[in-house]
Amino acid sequence: DMTKEVLVTVSGLQSMGGESDQIQVITAGNYYRKNGKHYIVYDEMIEGYDSPVKNTIKVGEDVIDVIKHGLSSVHMVFEKDKKRIASYTTPMGEMMVGLSTKDIQVEEEEDALKVQVSYSLDINYEHISECNIVVSVQSKGQAAVHLMS
């Protein structure tokens, strides 16, 4: 079974107006399962600030919740074929974020979990980009083996 201590990799591809932007964050986090849902918890540092943003990703069968607490706070819900609006508070102010989810894929392995979400992003009711985010989680022990091989 997956251990509580995990390595979390978040990679995203954002396409806007023919331009693509790739991001990747690799960080230590915690994983647990509760009521049939997967929970991934990790801290994210924001450049120029000392206190981290606490991220919780709750993975259900067809719904994924992303909850951020701290300097930036938001509760985003990704649900296939639905559009959800969330109010996103950041150090630069508040914005309305619209998420139209096209696809969610969850792959479970014995000591790894991979979640892919494809969605359209609106900010303040204006279409910004098409996004594809992959969150993968693996037990720390396993991660060490992968890094060595």
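Predicted model: local features only at pLDDT ≥ 70, side-chain atom pairs only at ≥ 80, totals over all residues.

Biologist: What order do the strands of the open sheet have?

Modeller: The ten strands run S6-S5-S4-S3-S2-S1-S10-S9-S8-S7, with antiparallel pairing. Strands are DSSP runs of E, at least two residues, numbered from the N terminus. Two of them pair if DSSP finds at least two bridges between them.

Biologist: And which are the edge strands?

Modeller: S6 (74-79) and S7 (83-90); each pairs on one side only. On average, neighbouring strands of the sheet are turned by 30 degrees against each other, direction ignored. Axes there are lines fitted to C-alpha atoms, and angles run from 0 to 180 degrees between N-to-C directions.

Biologist: How many bridges join S1 and S2?

Modeller: Twelve, in the antiparallel sense. Leu7 has Ala28 in S2 as its bridge partner. Two residues sit between the strands in this hairpin, and Gly17 takes a positive phi near 50 degrees.

Biologist: What about S2 and S3?

Modeller: Six bridges, antiparallel. Lys34 stands opposite Lys37 in S3. This hairpin has two residues between its strands, and Asn35 in the turn shows a positive phi of about 50 degrees.

Biologist: Stay with Lys37. What does it touch?

Modeller: Not counting residues up to four places away in sequence, Lys37 touches Tyr32, Lys58, Val59 and Gly60. Contact means heavy atoms within 4.5 Å. Lys37 is partly exposed, because its relative accessible area is 32%. The scale is buried under 20%, exposed over 50%, partly exposed in between, with a 1.4 Å probe and protein chains only. Lys37 and Pro52 are 15 residues apart in sequence and 25 Å apart in space, C-alpha to C-alpha.

Biologist: Now Thr9: buried or exposed?

Modeller: Buried, because its relative accessibility is 15%. Thr9 lies in S1 (residues 5-16). Beyond four places in sequence, Thr9 contacts Gln24, Val25, Ile26, Val134, Val135 and Ser136.

Biologist: Last topic. What volume does the largest pocket have?

Modeller: About 1,000 Å³. A pocket is an open set of points on a 1 Å grid over the protein atoms alone, where a 1.4 Å probe fits, with protein on both sides within 12 Å along at least five of seven lines; lining residues have an atom within 4 Å of a point. Volume is the space filled by probe spheres set on the points, which are joined across faces, edges and corners.

Biologist: Which residues lie nearest its centre?

Modeller: Ile23, Glu44, Lys68, Met76 and Tyr88, out of 35 lining residues. Strand S9 (residues 112-123) gives the largest share of the lining, five residues.

How values were computed. Residues numbered from 1 in each chain as written. Heavy atoms only, no water. Helix = DSSP H or I, 4+ residues; strand = E, 2+ residues; numbered from the N terminus.
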